[in-house]
Amino acid sequence: MGNRYRLIGAAAVFLSMAAWAASSEEEAVRKVLDAYRAAMEHRSVSELAAVVSEDLLVLEGVHKNDGWADYRDNHIGPEMAEWKEFRTAGSRLSKLEVGSDLAYAVQEATFTIVDGKGPVVLLGAETIVLGKEPKGWKIRHLHLSVKRVSPAKKP
C-alpha cells in the first residue's frame, strides 16, 4: 500500500509541476502581448522591436510586410512618426493557446489614432502568433483586420 501512495503522490507532484510550467509560459506570453500593446500606445518602434522576431510576418488587410526591417521601415515606423496619439479601448483577449514553442492569441479592441488630420476610430481584430526563441517569447506573425468607425471615409 505504501508504494501505491508514493506513486500517487509523485504523480500529483508531476502534474502540479506541469501545470505550473504551463501557467508560467502563459504568463510570459501575456507579458509579450501587454508589451506589444504598450509599444503601440507609446508609438515606440524600439519597444516594438523588443517583442517581435526578426522574421516577423505582418498581414494588415491585403498588405504584407515580410520581416521586422520591412515592417519597421516601410509600414509601422513611418505611421508611428505621423501619429500624435494611439489609444486602445475595450481590449479583449478572446483566445489564447500556449504550446511548448508556439502560441497564438486572438484579440479585439477599438483603436483611436490621432494624426495631423484628427482622430480615426477603428474596430480591430488581431491574430498574433508567437514563437519561443532563445531570449524568450517573440511575436512571429501579426494579422490585423480593422473597420473604420469614424470619421466616415469620404467617397
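Student: With its relative accessibility of 18%, does His141 count as buried or exposed?

Tutor: This is a predicted model, in which local features need pLDDT of at least 70 and side-chain atom pairs count only at pLDDT 80 or more, while totals for chains, interfaces and linings use all residues. Residues are numbered from 1 along each chain as its sequence is written, and side-chain values use heavy atoms, leaving out hydrogens and water. The classes are set by relative accessible area, with under 20% for buried, over 50% for exposed and partly exposed in between (1.4 Å probe, protein chains only). Because its value is 18%, His141 counts as buried.

Student: Which residue has its backbone oxygen 3.1 Å from a polar atom of the side chain of His141?

Tutor: His141 lies in strand β6, where strands (E, at least two residues) and helices (H or I, at least four) are DSSP runs numbered from the N terminus. Not counting residues up to four places away in sequence, His141 touches, with heavy atoms within 4.5 Å, a set of residues including Leu56, Thr127 and Val129. The backbone oxygen found 3.1 Å from a polar atom of the His141 side chain belongs to Leu57.

Student: Which strands stand at the edges of the open sheet, and why is one side of each left without a neighbour?

Tutor: The sheet has six strands in the order β2-β1-β6-β5-β4-β3 with mixed pairing, where two strands pair if DSSP finds at least two bridges between them. Each edge strand has a single partner strand, so one side is left without a neighbour in the sheet, and the two in question are β2 (63-66) and β3 (85-98).

Student: Which residue takes a positive phi near 60° in the hairpin of β1 and β2?

Tutor: Strand β1 (residues 52-60) pairs with β2 in the antiparallel sense over four bridges. Along this pairing, Leu59 stands opposite Lys64 and Glu60 stands opposite His63. The hairpin has two residues between the strands, and the positive phi near 60° is taken by Gly61.

Student: At about what angle does helix α3 run to β1?

Tutor: Helix α3 (residues 68-82) lies across β1, β2, β4 (102-115) and β6 (136-150). Axes are lines fitted to C-alpha atoms, for helices over the stretch in contact, and angles run from 0 to 180 degrees between N-to-C directions. On that basis, the angle of α3 to β1 is about 65°.

Student: What share of the 155 residues in the protein chain do buried residues make up?

Tutor: The protein chain has three helices and six strands, which follow one another along the sequence as α-α-β-β-α-β-β-β-β. Within this chain of 155 residues, the buried share is 31%.

Note on methods
A polar contact is a pair of N or O atoms within 3.5 Å; within protein, one must be able to donate a hydrogen and the other to accept it, and residues adjacent in sequence count only if both atoms are side-chain atoms.
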